[in-house]
Amino acid sequence: MKKILLASAIALFAGLNAQTTFGIKAGYALSNLKSNEGDFEFGGIEGGMKSKSGFYIGGLVEHKFNNKFAIQGELEYANLGGKAEVSLPGITVTEKMNLNRIVIPISARYYVTPELGIYAGPYVSFKTNNKVKFEMSGPNAGMVDPSGIREGERFVEKYLNDTLKSTDFGLFLGADYNIHKGLFVDARYSFGLSNMIKNPVDGETLKMNFFQLGIGYKFK
C-alpha cells in the first residue's frame with residue numbers, strides 16, 4: 001500500500017510539475033506620463049508631453065490548468081517614464097524622465113490555439129531610481145553651460161524623488177504567440193490606475209501608461 005501511495009504521489013507531482021513552465025523575456029517599452037493638467041509646466045515654462053522609448057527584461061512562471069486556461073506571474077526590470085519638450089528662442093530642451101521600476105504583473109491566460117494566448121490582469125510596480133537627462137538642440141544649443149545642465153538634472157531628479165510615490169499599480173492586457181519550441185513574441189499595453197503624486201494640492205494627477213513589445217523563451 002505504501003508503495004502504491006508513493007507511486008501515486010510521484011505521478012501527481014510529475015503531472016503538476018509538467019504543467020508549470022519557467023521562462024525569460026526582454027524587449028522594447030514605450031511609455032508616457034498623463035496629467036489632468038494637460039501639458040508639462042515647470043518654472044512658468046510650458047512644454048508638450050511626449051512618449052519615451054525604453055526597455056524591459058525579466059522572468060516568468062506559468063501554470064496551466066488545462067490546454068485552454070493558465071495563470072502567469074512575472075518579475076521585470078523596466079525603464080519607463082516620459083519626456084517633455086520645451087521650445088525657447090534658438091533652442092529646444094528635451095527633458096527625459098527615466099522612471100526605472102520593478103514591475104510584477106499577474107495575468108489570467110486563455111489559449112485561443114496552442115500557439116496563441118491572450119491574457120489580462122493587474123500589475124504593481126516599485127521604484128528603483130529616477131534619472132533625468134536634458135538634451136539641447138537648435139542653433140543656440142552650444143551656448144548652454146554643461147554644468148548648468150547637470151545641476152538642472154539633479155534638481156529635477158530630487159523633485160521627482162520628493163514628489164512621486166515609490167509604488168503604483170494598474171491593469172494590462174496583451175497576447176503572445178509561440179513561434180517555435182518555446183520561443184515566443186509578446187505584446188501588451190498597461191494602464192496606470194494610481195495617482196503617482198504623493199501629496200496632490202489641487203487635485204492634480206499623474207499616471208503612467210506603457211506599451212511593451214518583446215521576445216521570450218519558455219523552458220520545457
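K127 is partly exposed, with 29% relative accessibility; that class lies between buried (under 20% relative accessible area) and exposed (over 50%), using a 1.4 Å probe and protein chains only. This is a predicted model: local features need pLDDT of at least 70, side-chain atom pairs count only at pLDDT 80 or more, and totals for chains, interfaces and linings use all residues. Residues are numbered from 1 along each chain as its sequence is written, and side-chain values use heavy atoms, leaving out hydrogens and water.

**Around K127**
- K127 sits in strand β7 (residues 116-137). Strands (E, at least two residues) and helices (H or I, at least four) are DSSP runs, numbered from the N terminus.
- Setting aside residues up to four places away in sequence, K127 touches N100, R101, N161 and S166. A contact means heavy atoms within 4.5 Å.
- The side chains of K127 and N161 make a polar contact (3.5 Å). Such a contact is a pair of N or O atoms within 3.5 Å; within protein, one must be able to donate a hydrogen and the other to accept it, and residues adjacent in sequence count only if both atoms are side-chain atoms.
- K127 and K165 are 38 residues apart along the chain, and their C-alpha atoms are separated by 8.1 Å.

**Partners of β7**
- β7 runs antiparallel to β6 (residues 91-111), joined by 18 bridges. Two strands pair if DSSP finds at least two bridges between them.
- β6 and β7 form a hairpin with 4 residues between them.
- R109 stands opposite Y119 in β7.
- β7 also pairs with β8 in the antiparallel sense, over 11 bridges. Here F126 stands opposite T167 in β8.

**Nonpolar surface patch**
- F22, I24, V61, Y177, I179, L183, V185, I215, Y217 and F219 make a nonpolar surface patch of about 870 Å². Patch residues have over 30% relative accessible area and no salt bridge; nonpolar side chains (Val, Leu, Ile, Met, Phe, Trp, Tyr) are joined within 5 Å, like charges within 9 Å. A salt bridge is a side-chain nitrogen of Lys or Arg within 4 Å of a carboxyl oxygen of Asp or Glu.
- At least two patch residues come from each of β1 (20-35), β8 (167-180), β9 (183-192) and β10 (206-219). β10 gives the largest share, 3 residues.
- I24, in strand β1, is partly exposed at 46% relative accessible area.

**Whole chain**
- The chain has 2 helices and 10 strands, in the order α-β-β-β-β-β-β-β-α-β-β-β.
- Of its 220 residues, 37% count as buried.
- Among contacts with a separation of 6 or more, 67% link residues 24 or more positions apart.

Definitions and conventions
Accessible areas come from the Shrake-Rupley method with a 1.4 Å probe; for residues, only the protein chains shown count as cover.
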